[in-house]
Amino acid sequence: MVKTGLDRILSEEEFLSKLKGKRVGLLVNPTSVTSGLKHAIDALQTAGVNVVRLFGPEHGVRGEAQDMEAVDENFDPVTGLPTVSLYGHTYESLKPTPSDLDGIDLVLADIQDIGARYYTYVYSIGLMMEACGEVGIEVWVLDRPNPIGGEVVEGNVVMPECKSFVGMQPLAVRHGMSAGELAHFFNRFTTWKCELKVVEMRGWKRSMWFDETGLPWVMPSPNMPTLDTAIVYPGQCLLEGTNASEGRGTTRPFELFGAPYVNAVELGKELRVLDLPGVAFREVSFRPKFQKFGNQTCAGLQMHVTNRDSFRSLSASMAILGAFWKLYAPEFAWREEAYEFVQDRLAIDLLLGDMVLRKGIEDGHDCVELANATGAGRQEFDARRAECLIYT
């Protein structure tokens, strides 16, 4: 079994001795559990660690909030500990203030990432690192596996004009790094610098999928129920930038997709002719219970991954966007509402990270080729990534 950073600090005196006598802040959520499913808050307190404050990323410390739903937390309902929300009503709420950190000697960050650059938890860790660096507080990142493996890298990097909370740093779409490796990346190559310690995992190999680690799966967010969801997420999250349903409000988010205006048979034919590796499409009808088309019947497809090693989520989902644009525009359209605190850019541009890709879809270019065109900055990312890798 893989031993996480959390399990290591709880079992190795080298770490516990350094925590004793410190006033500790925790950046945690529901995934912050031991291999025996005990939450980090309880486990650390039982071990004699003086936890004085909690910090909650998007969805909150206990994970009850939906995506892009502001979290107002002052106290943890379970422990009564004072709590700071790092996902409030404004962009400024994403970073702790000096007063938020007052009275803290050290911050432990322990959150399960998903492996896609849109997933906001790693940016909460990075902004915590920056804030702590500004006031001289040490940060320990307790490492966890990348659930979709650490070998494959997909996609382009974010261009400066498309930066947002779903792309705050120039990372590839599927970055193939653990949270600890990303912390090293931030500390070395960005302004998110602090006195950093990464408590490394034991036993994790880059080739591992999460179900090969021996660790229990805990939903990282309300719409990430299974490893199957995580496997398709690096591409399927792009549908958030459209008026098509990405399956939120169903029991298979991101695997189901469609809209009331879709002809499922027609869409299936359009995608099957591409013979995309490692995936099959099945015609479905579904009725989301909330968000897009809530309580309306949608026609569409379910994505079934048949070979996760050969499957490339970004290529598949770019092909889906191209099929929607070809078959259903102008009923199919890009989302125009504000997205992750940004009002002057299309959500699809923020997610794609480069407006050239959206224009390529609109112009009818081969979308699989677009997905594989890594663009400016990817070579630099690859080189910097190689310097920050911890595991083999």
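Two strands are said to pair if DSSP finds at least two bridges between them. Helices (H or I, at least four residues) and strands (E, at least two) are DSSP runs, numbered from the N terminus.

Good morning. The structure before us is a predicted model, in which local features need pLDDT of at least 70, side-chain atom pairs count only at pLDDT 80 or more, and totals for chains, interfaces and linings use all residues. Residues are numbered from 1 along each chain as its sequence is written, and side-chain values use heavy atoms, with hydrogens and water left out.

Let me start with the antiparallel sheet. Strand 10 and strand 11 (residues 298–305) run antiparallel and are joined by eight bridges. Within this pair, arginine 282 has glutamine 302 of strand 11 as its bridge partner. These strands belong to an open sheet of three, in the order 9-11-10, with antiparallel pairing. Strand 9 (256–259) and strand 10 (279–286) are its edge strands, and each pairs on one side only. Direction ignored, neighbouring strands here are turned by 25° against each other on average. For such angles, axes are lines fitted to C-alpha atoms, for helices over the stretch in contact, and angles run from 0 to 180 degrees between N-to-C directions.

As an example of the pairing, strand 1 (residues 23–28) and strand 2 (residues 50–56) are linked in the parallel sense over five bridges. There, valine 24 stands opposite valine 51 in strand 2.

Which residues of helix 5 are buried? They are Ala179, Gly180, Glu181, Leu182, Ala183, Phe185 and Phe186. Buried means under 20% relative accessible area, exposed means over 50%, and partly exposed lies in between (1.4 Å probe, protein chains only). The cover over these buried residues includes helix 4, strand 5, strand 8 and helix 12 (378–388), where contact means heavy atoms within 4.5 Å.

Next come the spaces. On a 1 Å grid over the protein atoms alone, a cavity is a set of points where a 1.4 Å probe fits but cannot get out, and a pocket is an open set with protein on both sides within 12 Å along at least five of seven lines; lining residues have an atom within 4 Å of a point. Grid points are joined across faces, edges and corners, and a volume is the space filled by probe spheres set on the points.

The largest pocket holds about 240 Å³ of space. It is lined by 15 residues, and Glu270, Ala319, Gly322, Ala323 and Cys367 are the closest to its centre. Helix 8 gives the most to this lining, with five residues.

A search of the whole structure finds five cavities of 30 Å³ or more. The largest cavity contains about 210 Å³ of space. Among its 21 lining residues, Glu58, His59, Asp67, Tyr233 and Arg248 lie nearest its centre.

Finally, some points of backbone geometry. Most residues other than glycine have a negative phi, and most peptide bonds are trans. Leucine 37, although not a glycine, has a positive phi of about 70°. This leucine is found in the loop between strand 1 and helix 3 (40–46), and leucine 37 is exposed, with a relative accessible area of 51%. Methionine 68 is likewise not a glycine and has a positive phi of about 60°. Its place is in the loop between strand 2 and strand 3, and methionine 68 is partly exposed, at 26% relative accessible area. The peptide bond from alanine 329 to proline 330 is cis, with omega near 10°. Proline 330 lies in the loop between helix 8 and helix 9 (347–352).

Thank you for your attention.
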